[in-house]
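Colleague: I have a model open and would like to learn how to read it. Can we start with a charged residue and work outwards?

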Amino acid sequence: NGEQAEDVGVARGTVRDFQELKRMYGLEGDPGFAEPSWVNRLIGVLASPELAWLIVLVGLAGIYAELQLPGIGIGGFVATVAFTLFFWANFMNHTANELEIVLFLVGVSCLVLEIFVIPGFGIFGLGGGILMLIALILASQTFVLPHSDGDLRQFRNSLMTVGLALGGLMVFAILSRRFLPHAPLLSRLILSNQTEKQQVDLFEEEAIVIGAKGRTVTDLRPSGKANIRGELVDVIAEGEWISIDTPITVIEVHGTRIVVELTDT
């Protein structure tokens, strides 16, 4: 208590009320109370489990949308803003540090390699996704492994944040698959949900072979959409990125993987 603190030299003295405190220090007016700024309040709100899962969901949905609409860029921009807010809030809230940010960026890099450089291999995509999830969980807590009841509660909140975001992403994916193909602007850009065998049969029927000509429907960075012999297909650019509405030529066909290059003019 106060008297014991004064006896051992921790406190300078004890007072009964605020007026006595003012007399002890010779204060004429009431001192201002320290309060959190609007930035501190914003950080607390963004880092709270009640809102953090929604921010993560928006980021994951942005990544999913970017994969479904290659070259558009809206999904990638939304994901960048959402995850920047998430890690900034947790960094300022002293639960995230450089480790979580680096893990997340490495995970995203692996995912990009899987999609645009070495499609179909699987390890980079799976490993990148796991690294991203680990980074999101660690960014919401101050430890790696829980060692107390308080740590367990915080770990539960971290898992709940990521779990709710993943559940919301599944709902978003189902709804987008059902409704986006009917949207006038997006129906010709969204990736088809055909099976690989159906796509191979389609390529054989449309005679998409080496040397076939077409034009890009989206930017190829390096993957995107192109119109080849009247059919909208997924293609990958060889070498430099190719802009939208540019003539291209098929140079390789491996199953459903069509590699194109800029047509010489």
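Modeller: Gladly. This is a predicted model. Start with glutamate 100, which is buried yet has no salt bridge. The nearest side chain of opposite charge, arginine 156, is 19 Å away.

Colleague: Where is glutamate 100 found?

Modeller: In helix H6, which covers residues 98-117.

Colleague: Which backbone atom lies 2.9 Å from a polar atom of the side chain of glutamate 100?

Modeller: The backbone nitrogen of asparagine 97.

Colleague: And which residues is glutamate 100 in contact with, leaving aside neighbours within four places in sequence?

Modeller: Phe87, Thr95, Ala135, Leu138 and Ala139.

Colleague: Now the salt bridges. What is the general idea?

Modeller: Side chains of opposite charge can pair when their charged atoms come close. In this chain the count comes to four salt bridges. Arginine 16 and glutamate 20 form one of them, at 3.6 Å from N to O.

Colleague: Are arginine 16 and glutamate 20 buried or exposed?

Modeller: Arginine 16 counts as exposed because its relative accessibility is 75%, over the 50% cut-off. Glutamate 20 has a relative accessible area of 19%, so it falls under the 20% cut-off and is buried.

Colleague: Which residue forms a salt bridge with lysine 225?

Modeller: Aspartate 234, with the closest N and O atoms 2.8 Å apart. Lysine 225 is buried, at 4% relative accessibility. Aspartate 234 is partly exposed, at 28%.

Colleague: What about arginine 215?

Modeller: Arginine 215 forms a salt bridge with aspartate 245, and the closest N and O atoms are 3.1 Å apart. Arginine 215 lies in strand E1, while aspartate 245 is in the loop between strand E3 (231-237) and E4, so the pair ties together parts that are 30 residues apart in sequence. Arginine 215 is partly exposed, with a relative accessible area of 40%.

Colleague: You mention strands. How do I read their pairing?

Modeller: Strands of a sheet pair through backbone hydrogen bonds, either parallel or antiparallel. Here five strands close into a barrel, in the order E1-E2-E3-E5-E4, with mixed pairing. From one strand to the next, the twist averages 55°.

Colleague: In which sense do E1 and E4 pair?

Modeller: Antiparallel, over three bridges. E1 spans residues 213-216 and E4 spans residues 247-254. Glycine 214 has isoleucine 248 in E4 as its bridge partner.

Colleague: How many bridges join E2 to E3?

Modeller: Six, and these strands run antiparallel. E2 holds residues 223-228. Asparagine 227 stands opposite leucine 232 in E3. The hairpin of E2 and E3 has two residues between the strands, and arginine 229 there takes a positive phi near 55°.

Colleague: How do E3 and E5 run?

Modeller: Parallel, joined by two bridges. E5 is residues 257-262. In E5, valine 260 is the bridge partner of alanine 237.

Colleague: How many residues of E3 are buried?

Modeller: Five of its seven, so E3 is mostly covered, buried meaning under 20% relative accessible area.

Colleague: Let me step back to the whole chain. What does its secondary structure come to?

Modeller: Nine helices and five strands. Along the sequence, the pattern is α-α-α-α-α-α-α-α-α-β-β-β-β-β. Of the 265 residues in the chain, 33% are buried.

Colleague: And what do residues 24 or more positions apart account for?

Modeller: They make up 50% of the contacts in the chain with a separation of 6 or more.

Note on methods. Residues are numbered from 1 along each chain as its sequence is written. This is a predicted model: local features need pLDDT of at least 70, side-chain atom pairs count only at pLDDT 80 or more; totals for chains, interfaces and linings use all residues. Side-chain values use heavy atoms; hydrogens and water are left out. Two strands pair if DSSP finds at least two bridges between them. Helices (H or I, at least four residues) and strands (E, at least two) are DSSP runs, numbered from the N terminus. Axes are lines fitted to C-alpha atoms, for helices over the stretch in contact, and angles run from 0 to 180 degrees between N-to-C directions. Buried means under 20% relative accessible area, exposed over 50%, partly exposed in between (1.4 Å probe, protein chains only). Lys and Arg count as positive and Asp and Glu as negative; His and the chain ends are not counted. A polar contact is a pair of N or O atoms within 3.5 Å; within protein, one must be able to donate a hydrogen and the other to accept it, and residues adjacent in sequence count only if both atoms are side-chain atoms. Contact means heavy atoms within 4.5 Å.
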